[in-house]
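Here is a short report on one model. Please look over the sequence and structure before reading on.

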Amino acid sequence: MPLVHFFETSFGRIYSRRILLVSVQCDGLIGWGECVAGEDPFYSSEWIDSAWPTLTRYLAPALIGKTLTQGRETPALLSKVRGHRMPKAALENALWDIEARQKRQPLWKLLGGTRREIACGVSIGIQDSPDQLLEKIQTELEAGYRRIKLKVKPGWDVNILEKVRSRWSEITLSVDANSAYTLDEVEHLRKFDAFNLLMIEQPLWNDDIYYHARLQKDLRTAICLDESIEHARDAAFAVESGACRIINIKVGRVGGFSEAKKVHDVCHANNVPVWCGGMLESGVGRAQNIALSTLENFRLPGDVSGSKRYWKEDIIEPAVEVSREGLITVKDEPGTGYRVREDLIEKLTVRKETVGPT
Ligand code: OSB
Ligand code: MG
């Protein structure tokens with residue numbers, strides 16, 4: 001699916017997405033899940049072409065013919081496979097989707113959510129020029145988004161923040177480095193403190209917690225961890241060691257709704273706010289992120305934004321809409337409340353594999 005606008009992070013630029021969807025058939029119902037693995041193993045070691053054979057050779061066969069009554073029974077059946085959290089999440093979440101529809105309940109209620117509206121922010125990639133960035137920020141503020149997150153890397157950081165803050169001194173602003181810095185750059189990172197940022201996301205290595213704890217002691221700005229948090233124990237370690245004051249939860253990165261809820265609960269118990277991260281999802285994953293964002297401790301605006309920021313035509317109906325106040329109202333229909341456009345998905349499909357009883 002071509003993106004409406006390219007997306008650039010510290011690890012590169014993409015113009016379109018290859019999206020891996022999973023559908024599960026169970027008792028006459030179909031449940032959908034999205035595998036958020038990227039086109040390349042850059043954000044994470046997981047990518048689409050590692051997820052695919054893991055799904056077809058290991059994960060799906062582990063579920064075929066099994067009797068489950070709840071989505072949350074899925075992780076135990078997949079636990080023999082180490083890692084590969086993104087395809088695990090796609091499968092588990094598809095089963096939660098089915099469970100919600102079997103019970104004729106909204107997915108958000110099944111997950112234990114309490115919010116009826118969720119607050120939305122945007123993640124704005126690195127642009128061709130500072131002017132192009134300022135224009136994009138202007139557009140998103142006019143649309144009502146409640147938090148602007150800028151991708152940064154050495155050479156596109158303090159200089160950019162100066163321009164943004166001199167135009168908008170009051171907006172809620174954060175940055176995401178996707179591991180673009182090292183501990184040698186602490187003095188440079190301290191300059192970020194001048195811009196009254198809500199947080200700096202994942203400044204150091206993608207697999208590190210310990211050195212983030214060291215860095216956090218030297219910064220006034222709150223560190224938020226994304227890449228380093230792969231499960232609830234990571235969250236507990238990060239919180240106990242003081243490596244961050246905020247955590248970004250991506251359901252795919254932690255392996256599914258069950259683990260996402262555990263990360264949420266660990267943070268809640270320690271009074272660390274969380275927000276829902278995004279992976280440039282199609283409507284399938286986006287709708288599920290909305291459901292997850294209704295849990296109580298999702299206290300900060302997430303990277304859950306409207307379909308039209310990414311897609312000319314989304315694969316769900318209706319498309320995800322964000323109000324002028326920067327909110328998404330959660331639907332009360334069973335499941336996500338969005339219909340998956342199977343006809344359109346069929347047209348966009350370039351590869352398909354079915355795993356069934358043999
Ligand atoms: O680090 O949050 C990230 C997109 C792809 C990979 C990693 C990240 C992102 C985003 C985009 O920031 C969030 C979104 O709008 O989906
Ligand atoms: Mg991030």
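## The parallel sheet

Seven strands make up an open sheet with parallel pairing, in the order β6-β7-β8-β9-β10-β11-β12. Its edge strands are β6 (122-124) and β12 (274-276), and each pairs on one side only. Strands are DSSP runs of E with at least two residues, helices are runs of H or I with at least four, and both are numbered from the N terminus. Two strands pair if DSSP finds at least two bridges between them.

This is a predicted model: local features need pLDDT of at least 70, side-chain atom pairs count only at pLDDT 80 or more, and totals for chains, interfaces and linings use all residues. Residues are numbered from 1 along each chain as its sequence is written, chains are lettered from A and ligands numbered from 1 in the order in which they are written, and side-chain values use heavy atoms, with hydrogens and water left out.

## The magnesium site

Within the sheet, β9 and β10 run parallel and are joined by two bridges. I200 has I223 of β10 as its bridge partner.

Which residues coordinate the magnesium ion (ligand 2)? They are D176 (OD), E201 (OE) and D226 (OD), at 2.1 to 2.3 Å. Their spacing in sequence is D-x24-E-x24-D. E201 lies in strand β9 (residues 200-201), and D226 in the loop between β10 (223-225) and α9 (232-241), so the pair ties together parts that are 25 residues apart in sequence. Donors here are N, O and S atoms within 2.8 Å of the metal (3.2 Å for Na, K and Ca); water is not among the atoms, so sites may look incomplete.

E201 is buried, at a relative accessible area of 0%. D226 is buried too, with a value of 0%. Buried means under 20% relative accessible area, exposed over 50%, and partly exposed in between (1.4 Å probe, protein chains only).

β3 and β4 run antiparallel, joined by seven bridges. Q25 is partnered with I30 in β4. Two residues lie between the strands of this hairpin, where D27 takes a positive phi near 45°. Five of the seven residues of β4 are buried, so this strand is largely enclosed by the rest of the structure.

The largest pocket holds about 1,500 Å³ of space. It is lined by 47 residues, and L21, V22, S23, V24 and E353 are the closest to its centre. β3 gives the largest share of the lining, seven residues. On a 1 Å grid over the protein atoms alone, a pocket is an open set of points with protein on both sides within 12 Å along at least five of seven lines, a cavity is a set where a 1.4 Å probe fits but cannot get out, and lining residues have an atom within 4 Å of a point. Grid points are joined across faces, edges and corners, and a volume is the space filled by probe spheres set on the points.

## Enclosed cavities

How many cavities of 30 Å³ or more does a search of the whole structure find? There are three.
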